[in-house]
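Colleague: I would like to learn how to read a model like this one feature by feature, beginning with the backbone and ending with the overall picture. Could you take me through it, giving the general idea before each case?

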Amino acid sequence: MASTPSYGAAPVEGMEAQPAVHPVVGEINRKRNFRAVLGAAVVVSPFVIGFVNYKGGASSAASSVMSALDKVKSPISSSVEQDAEYDDQLSFVASNEYTSIQGYAGKDYPWITEGQLAEPHKTTTFTSTSTLDSDVLARMNLAWSVDDSDEEVTGSFKYVFEQPGTYNVKMSAYDKGSGDLVASTTKEIISKYVRREIRTLTDDDREAFFSAAEVMYKTELGDGKKTYGDNFLDVQWFAQLHNTLAGSRECDHLHDGLGFLPQHAAFTLMFEKVLQLVNPVVTVPYWDYTIEAHSVLTEGSIHAWRESIVWSDDWFGEASPEDKVVTRGRLAPTPGGGKERGLHGT
């Protein structure tokens with residue numbers, strides 16, 4: 001069982017299960033045919049042997065019986081124990097709208113198996129990558145389940161995980177003719193949020209991020225807590241926290257020494273958690289500023305930095321370093337210093 005059994009994930013609403021993509025011939029019927037022919041051969045063999053002995057000798061009888069049996073093909077067995085050889089040949093991968101463009105997310109992490117990462121609140125598509133012979137696959141129907149839920153019979157399986165965590169996804173192969181289980185495989189799928197460079201987000205994901213951020217920028221702390229819960233924090237709270245910890249050059253807790261990386265990681269995670277109170281789909285993207293730096297170097301002007309799409313009105317907008325305020329765009333006007341108020345108890 002998965003480590004998050006309480007999460008109520010469910011198949012995507014409005015998406016009908018597609019017919020299985022494999023036309024199937026009843027493999028188990030072949031097994032039954034085999035048994036029937038074998039039984040008939042045993043029953044009639046004394047008569048055949050007696051007749052052939054009369055006509056041509058015992059060797060001809062044995063040859064006739066074996067020739068008949070050779071015409072019966074070996075079937076795929078119907079029992080799970082006997083079909084263990086097929087289990088190892090079943091496999092599948094998880095993908096979403098980013099996979100075809102950016103590849104499998106998390107593939108460079110040693111603790112994530114390629115093709116076994118899903119993202120919360122995004123439609124994940126599970127697709128068979130089995131290595132069974134095509135003629136064997138053509139005689140199977142695929143069925144899918146998550147954490148022992150009811151199976152859905154479909155060629156590829158769409159699912160939305162509603163929370164981060166680990167889930168057991170099972171793909172089973174059934175003989176279409178008999179409905180018997182032929183083989184199955186289960187993989188542990190990790191559901192985690194993925195942070196991407198802001199320019200590589202889909203338009204919908206980028207808009208979701210900025211819309212949630214706009215709520216944090218423009219909603220007073222008290223109103224936000226009433227609407228989104230006690231864990232809501234506004235952008236002024238984060239600005240004041242940053243200034244409190246990093247406002248003094250003599251004692252910069254956020255930027256000096258070993259605290260830089262872990263404190264900013266924690267700071268970003270706190271910010272992301274509040275964004276997800278507004279919209280659980282959202283993650284915090286990162287900004288690869290070396291793209292702007294390259295533009296400055298190639299164009300020979302610092303103005304190339306300010307012409308980046310990152311500072312467009314629909315994104316972060318334009319700011320005034322002198323006045324420490326966002327002066328234009330969807331997040332304006334936002335003071336950069338943070339309001340004076342206590343950080344505790346919020």
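Colleague: Let us begin with His121: where does it lie, and is it buried, partly exposed or exposed?

Modeller: Relative accessible area sorts residues into buried when it is under 20%, exposed when it is over 50%, and partly exposed in between. In this predicted model, His121 has a relative accessible area of 27% and is therefore partly exposed, and its place is the loop between β3 and β4.

Colleague: What is phi of His121, and which other residue has a positive phi although it is not a glycine?

Modeller: The general idea is that most residues other than glycine have a negative phi, and that most peptide bonds are trans. Phi of His121 is near 65°, a positive value, and Asp148, also not a glycine, has a positive phi of about 60°. Asp148 sits in the loop between β5 (140–146) and β6, and with a relative accessible area of 64% this residue is exposed. As for peptide bonds, a cis one joins Ala332 and Pro333, with omega at about -10°, and Pro333 belongs to the loop between β11 (325–328) and β12 (334–335).

Colleague: Staying with β9, is Val182 buried or exposed, and how far is its C-alpha atom from that of Asp87?

Modeller: Val182 is found in β9, which covers residues 181–191, and this residue counts as buried because its relative accessibility is 2%. Although Val182 and Asp87 are 95 residues apart along the chain, their C-alpha atoms are separated by 8.5 Å.

Colleague: How do I read aromatic pairs, and how many of them does a search of the whole structure find?

Modeller: One looks at the distance between ring centres and at the angle between the ring planes, where an angle over 60 degrees counts as edge-to-face. The search finds 21 aromatic pairs. In one of them, Phe126 and Phe161 are edge-to-face, with 6.2 Å centre to centre and 80° between the planes. Phe126 lies in β4 (residues 123–128) and Phe161 in the loop between β7 (157–160) and β8, so the pair ties together parts that are 35 residues apart in sequence. Phe126 is buried, at a relative accessible area of 0%, and Phe161 is buried with a value of 0%. Another edge-to-face pair is formed by Trp287 and Tyr289, with 5.9 Å centre to centre and 70° between the planes, and there Trp287 is partly exposed, at 32%. Ring pairs also link Phe92, Phe126, Trp144, Phe157, Tyr159, Phe161 and Tyr167 into a cluster.

Colleague: Rings can also carry a charge over the face, so to speak; over which ring does Arg196 lie, and what surrounds this arginine?

Modeller: Arg196 lies over the face of Tyr98, at 3.7 Å from the ring centre, while Arg306 lies over the face of Trp311, at 5.5 Å from the ring centre. Arg196 is in the loop between β9 and α6, and its relative accessibility of 7% means that this residue counts as buried. Not counting residues up to four places away in sequence, Arg196 touches Tyr98, Gln102, Ala105, Glu119, Leu201, Pro285 and Tyr286.

Colleague: Finally, how many residues does the largest nonpolar core have, and which helix supplies its largest share?

Modeller: The largest nonpolar core has 24 residues, and those with the most contacts inside it include Met216, Phe238 and Val282. Helices α6 (203–218), α8 (235–246) and α9 (260–278) each supply at least two residues of this core, with the largest share, six residues, coming from α6. Apart from this core lies another, of 23 residues, among them Leu90, Leu132, Leu142 and Ala173.

Notes
Residues numbered from 1 in each chain as written. Predicted model: local features only at pLDDT ≥ 70, side-chain atom pairs only at ≥ 80, totals over all residues. Heavy atoms only, no water. Helix = DSSP H or I, 4+ residues; strand = E, 2+ residues; numbered from the N terminus. Buried < 20%, exposed > 50% of the residue type's maximum accessible area, 1.4 Å probe, protein only. Core = buried A, V, L, I, M, F, W, Y, C linked by side-chain atoms within 4.5 Å. Phe/Tyr/Trp six-rings, centres within 6.5 Å; stacked < 30°, edge-to-face > 60°. Lys NZ or Arg CZ within 6 Å of the ring centre and 35° of its normal. Contact = heavy atoms within 4.5 Å.
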